[in-house]
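This briefing walks through one protein model by topic, for a reader who is new to structures. Please look at the sequence and the structure below before reading on.

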Amino acid sequence: MTCRTLVAAVLGAATAAVLALPAVASASPYDTQTPLTVTREKGHVLACTGTGSGVDVVVDLYDNDVFGTHAAVSVRTPDDEYVRGGETGAGLFDKGRIRREFVLDSETSGTAQTVVVSGAYVRSGAPRRVHEVYDEPFGQVVTKGWNYPLRAGVTVRTMGQQVKLTCGESFAYRLTTWRPDSTAE
């Protein structure tokens, strides 16, 4: 499994719900006779990469107070790649601080490495309005709310190296999502 595959699998549809993508339809959450489930979600998304002393690092962190906390971390050396992805305990983002230790498994050698991700983040820039309409198996989903851009300084310590990361897609969010109730008859 490559790092890109791992990241896609971990963040998947959950991250798609918080990225401000263009609407694919123009329906309102109130245009349907189908019973709706309404969720109010808040959380963070942070995607960072870095290289140092022959070590390439990719870190994607996501938390959502309704749907859980996910992390995808990859460390690549000339000889091996170590990965970890999936759900993780809450607390990735804590009042402007990030500090979490992960154990990554090797793709080829069967060994493991410990990675410590640490840093800080602050809101940076004007909030961006989110309005998405997309289809899921039980019908059309509408998401509205706000993304709040973040500026983050994050490092990773692993294999005796400290690697400074550059964070691209980074934001906090508050959203309301209307989904067709899959339990309704």
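The largest pocket has a volume of about 230 Å³. This model is predicted, and local features need pLDDT of at least 70, side-chain atom pairs count only at pLDDT 80 or more, while totals for chains, interfaces and linings use all residues. Residues are numbered from 1 along each chain as its sequence is written, and side-chain values use heavy atoms, with hydrogens and water left out.

**The largest pocket**

- Rolling a probe the size of a water molecule over the atoms shows where empty space is left.
- On a 1 Å grid over the protein atoms alone, a pocket is an open set of points where a 1.4 Å probe fits, with protein on both sides within 12 Å along at least five of seven lines, and lining residues have an atom within 4 Å of a point.
- Grid points are joined across faces, edges and corners, and a volume is the space filled by probe spheres set on the points.
- The lining of the largest pocket consists of 18 residues, and those nearest the centre of the pocket are K42, G43, H44, A172 and Y173.
- At least two residues of this lining come from each of the strands β1 (36-52), β2 (55-64), β6 (112-123), β8 (139-158) and β9 (161-180), where strands (E, at least two residues) and helices (H or I, at least four) are DSSP runs numbered from the N terminus.
- The lining divides into 8 nonpolar, 5 polar and 5 charged residues; here Ala, Val, Leu, Ile, Met, Phe, Trp, Tyr, Cys and Pro count as nonpolar, Asp, Glu, Lys and Arg as charged, and the others, Gly among them, as polar.

- H44 is found in strand β1, and it counts as buried because its relative accessibility is 17%, where buried means under 20% relative accessible area, exposed over 50%, and partly exposed in between (1.4 Å probe, protein chains only).
- Leaving aside neighbours within four places in sequence, H44 is in contact (heavy atoms within 4.5 Å) with L61, Y62, D63, F93, Y121, L150, F171, A172 and Y173.

**The disulfide**

- A disulfide is a covalent bond between the sulfur atoms of two cysteines.
- With a disulfide taken as a pair of cysteine sulfur atoms within 2.5 Å, the count comes to 1.
- This disulfide joins C48 to C167, with an S to S distance of 2.0 Å, and the link is right-handed, with 95 degrees about the S-S bond.
- The pair connects distant parts of the chain, since C48 lies in strand β1 and C167 in strand β9, 119 residues apart.
- C48 is buried, because its relative accessible area is 1%.
- Not counting residues up to four places away in sequence, C48 touches V57, V58, V59, D60, V154, L165, T166 and C167.
- Among these, L165 is 117 residues from C48 in sequence, yet the two are 5.8 Å apart in space, C-alpha to C-alpha.

**The chain as a whole**

- The protein has 1 helix and 9 strands, and along the sequence they follow the pattern α-β-β-β-β-β-β-β-β-β.
- Of the 185 residues of the protein, 44% count as buried.
- Among the contacts in the protein with a separation of 6 or more, 61% are between residues 24 or more positions apart.
- The protein exposes about 9,900 Å², of which carbon and sulfur atoms supply 50%; accessible areas come from the Shrake-Rupley method with a 1.4 Å probe, and for residues only the protein chains shown count as cover.

**Pairs that are distant in sequence**

- D181 lies in the segment after β9 and counts as partly exposed, because its relative accessibility is 24%.
- D181 and T34 are 147 residues apart in sequence and 7.3 Å apart in space, C-alpha to C-alpha.
- Apart from neighbours within four places in sequence, D181 is in contact with T34, P35, L36 and T37.
- E81, found in strand β4, is buried, with a relative accessible area of 11%.
- The C-alpha atoms of E81 and E107 are separated by 5.5 Å, although the residues are 26 apart along the chain.

**Positive phi in loops**

- Most residues other than glycine have a negative phi, and most peptide bonds are trans.
- S53, in the loop between β1 and β2, has a positive phi near 50 degrees, and S53 is exposed, with a relative accessible area of 61%.
- K95, in the loop between β4 (81-88) and β5 (97-106), has a positive phi near 50 degrees, and K95 counts as exposed at 80% relative accessibility.
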